[in-house]
Amino acid sequence: MSNSDLLATISLHSEREKIQAMAPEDIDVSDLDIAEREEWDDLQWERADRSGLLDRSGIFDDLPEPV
């Protein structure tokens, strides 16, 4: 594992810990567009899930199914 790979892994782990430590209502999801969910990375999915965004009633109703 290269130094850059190691740093990326540590950064990802750190960001995940921050998300998990925050209260769901404090997680900023203003930059997450449900219509672009196919392009979300793991941290974006983590934020959406932890914030409760994915639990909102009808949030996916008007969107085509991901391919």
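Colleague: What does the secondary structure of the protein chain come to?
Modeller: Two helices and zero strands. Bear in mind that this is a predicted model.

Colleague: Where is Leu6 found?
Modeller: Leu6 sits in helix α1, which covers residues 3-21.

Colleague: And why does Leu6 count as partly exposed?
Modeller: Its relative accessibility is 42%. Buried means under 20% and exposed means over 50%, with partly exposed in between, so Leu6 counts as partly exposed.

Colleague: What makes a nonpolar patch on the surface here, and which residues form it?
Modeller: Met1, Leu6, Leu7 and Ile10 do, with about 470 Å² of accessible area together. Patch members need over 30% relative accessible area, and Leu6, at 42%, is past that cut-off.

Colleague: Which residues gather in the patch of negative charge?
Modeller: Those are Asp33, Glu36, Glu38 and Glu39, also on the surface.

Colleague: Where is Glu36 found, and why does Glu36 count as partly exposed?
Modeller: Glu36 lies in the loop between α1 and α2, the latter being residues 42-51.

Colleague: How many of the residues in the protein chain are buried?
Modeller: Buried residues make up 21% of the 67.

Colleague: What about the accessible surface of the protein chain?
Modeller: That comes to about 5,100 Å², and 49% of it belongs to carbon and sulfur atoms.

Terms used
Residues are numbered from 1 along each chain as its sequence is written. This is a predicted model: local features need pLDDT of at least 70, side-chain atom pairs count only at pLDDT 80 or more; totals for chains, interfaces and linings use all residues. Side-chain values use heavy atoms; hydrogens and water are left out. Patches are made of residues with over 30% relative accessible area and no salt bridge: like charges are joined within 9 Å, nonpolar side chains (Val, Leu, Ile, Met, Phe, Trp, Tyr) within 5 Å. Accessible areas come from the Shrake-Rupley method with a 1.4 Å probe; for residues, only the protein chains shown count as cover. A salt bridge is a side-chain nitrogen of Lys or Arg within 4 Å of a carboxyl oxygen of Asp or Glu. Helices (H or I, at least four residues) and strands (E, at least two) are DSSP runs, numbered from the N terminus. Buried means under 20% relative accessible area, exposed over 50%, partly exposed in between (1.4 Å probe, protein chains only). Lys and Arg count as positive and Asp and Glu as negative; His and the chain ends are not counted. The place of a charge is taken as NZ of Lys, CZ of Arg, CG of Asp or CD of Glu.
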